[in-house]
Amino acid sequence: MMKWHWFNFHYIYVRKMYEKSRKPSQKSLWALDYLNLFLADVRDGVGPYLAIYLKASENWNPANIGIAMSASTIATVIAQTPTGALVDRLRQKRMLIVLAAAIVGVAEQRYELSF
């Protein structure tokens, strides 16, 4: 059993004070809510349009469209854990959001130029 000394109480007190001082502001919570709203729209809004595009423009059959969309979902599930660990480890979270948005924008421009 652990012996309690004055420094154990001091550690707990300092830790609680630190946690109280690190509460996010209401403004940053609203910004995070809006960011999640718009990112969910991008993530979940692509599926139906992708299926229609592949059927109409690329003449894919429904089975191949389902396989492609399933592969995308599986890749997302596999990538979420390491990406989440990376985000938790790094301190520049805003820079990661900017970088991810830039990558999506560049990929979209390259895709449009290829047609």
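Buried means under 20% relative accessible area, exposed means over 50%, and partly exposed lies in between (1.4 Å probe, protein chains only). Of the 115 residues of the chain, 4% count as buried.

This is a predicted model: local features need pLDDT of at least 70, side-chain atom pairs count only at pLDDT 80 or more, and totals for chains, interfaces and linings use all residues. Residues are numbered from 1 along each chain as its sequence is written, and side-chain values use heavy atoms, with hydrogens and water left out.

**Whole chain.** Show the cartoon. There are four helices and zero strands, in the order α-α-α-α along the sequence. Helices (H or I, at least four residues) and strands (E, at least two) are DSSP runs, numbered from the N terminus. Now show the surface. The chain exposes about 10800 Å², and carbon and sulfur atoms supply 67% of that area. Accessible areas come from the Shrake-Rupley method with a 1.4 Å probe; for residues, only the protein chains shown count as cover.

**Confidence.** Color by pLDDT, the predictor's confidence in each residue, from 0 to 100. The chain averages 80, and 74% of the residues score at least 70. Where pLDDT is low, the predicted coordinates should not be read in detail.

Select Trp30, Tyr34, Leu37 and Phe38. They make a nonpolar surface patch of about 480 Å². Patch residues have over 30% relative accessible area and no salt bridge; like charges are joined within 9 Å, nonpolar side chains (Val, Leu, Ile, Met, Phe, Trp, Tyr) within 5 Å. A salt bridge is a side-chain nitrogen of Lys or Arg within 4 Å of a carboxyl oxygen of Asp or Glu. Tyr34 sits in H2 (residues 26-56). Its relative accessible area is 45%, so Tyr34 is partly exposed.

**The loop.** Go to Asn59, between H2 and H3. Most residues other than glycine have a negative phi. Asn59 is not a glycine, yet its phi is positive, about 55°. Asn59 is exposed, because its relative accessible area is 66%.

**Helix H3.** Select residues 62-89. H3 has 28 residues and reaches 41 Å from its first C-alpha to its last, close to the 40 Å expected at 1.5 Å a residue. That expected span is 1.5 Å times one less than the number of residues. Where does H3 bend? The bend is at Gln80, about 35°, and Pro82 follows within four residues. The angle is taken between axes fitted to the seven residues ending there and the seven starting there.

**Last stop.** Select Ser72, in H3. Ser72 is partly exposed, at 44% relative accessibility.
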